[in-house]
Amino acid sequence: MIRAFIFDLDGVLTDTSEFHYLAWKRLADEEGIPFSREDNEALRGVSRHESLRLLLKGRTLPPEQFEEWAERKNRYYLELINQISPRNLLPGAVEFLQALQKAGLKRAIASSSKNARLVVERLNLLPWVDVLVDGTMVDRSKPAPDLFLKAAELLGEHPEACVVVEDAEAGIEAARAAGMRVIGIGPYERVGKADLVISGLNALGPEEILRRLERNA
């Protein structure tokens, strides 16, 4: 029986991918590295350091320079997300969380981002979740299961009682590695390995989602 939902943040509850893209693009342009929106898709759901490795495309940097680049990107991103507000919530996000609360189901946000708390606070989502886990609380980021296992631990639930809502392939792999069921949000070619694929949180209510997950089990 599912007793808890664990949500990724970016691409599920809000969309900060444009801010990430603009920050990485600024860094790449400054350093003369070609970087497109298609390149940015490969960074979806992974940590800042892993994203920088992907951006470098095999190029290596001294450790100090690598850290400086990562911090510079983060500085650019923080400048951009100062604009974020509840206007940036995706359709149905708050209503879905409220419906889960009304149904007595636990709710967590689990994001690889080390800035997740700042974003969640600016979106005014804290009243609707029981637990927030971010990239500062685990050693390994997705596709390792650590983030979701930490959320389940803080919720006081076994992994088998949790369902993850994700929009990235790395996140779906992480949920599977954690022993959790997973709902994919987005195109089938990206999230088709999920137990259930939906277009967004405004597509189906929690009761229908739970019915479909049980039917697909």
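Predicted model: local features only at pLDDT ≥ 70, side-chain atom pairs only at ≥ 80, totals over all residues.
**Entry 1: strand E1.** I started with E1 and its partner E4. Phenylalanine 5 has valine 163 in E4 as its bridge partner. E1 and E4 run parallel and are joined by 4 bridges. Then I checked E2: E1 pairs with E2 over 4 bridges, again in the parallel sense, and alanine 4 bridges to lysine 106 there.

Are the two faces of E1 covered or open? I found both covered. Ala4 and Ile6 are buried on one side, Phe5 and Phe7 on the other.

**Entry 2: the whole sheet.** Next I traced the strand order, which reads E3-E2-E1-E4-E5-E6 in an open sheet of 6 strands with parallel pairing. At the edges I have E3 (131-133) and E6 (196-198), each pairing on one side only. Neighbouring strands are turned by 20° against each other on average, direction ignored.

I followed the sheet out to E3. E2 (residues 106-110) runs parallel to E3, with 3 bridges between them.

**Entry 3: helix H7.** Which residues of H7 (residues 146-155) are buried? I listed Asp146, Leu147, Phe148, Ala151, Ala152 and Leu155. Their cover includes strands E1, E2, E3 and E4 (162-166), as well as helix H8 (169-177).

Definitions and conventions. Residues numbered from 1 in each chain as written. Heavy atoms only, no water. Pairing = 2+ DSSP bridges. Axes fitted to C-alpha atoms, helices over the stretch in contact; angles between N-to-C directions. Buried < 20%, exposed > 50% of the residue type's maximum accessible area, 1.4 Å probe, protein only. Contact = heavy atoms within 4.5 Å.
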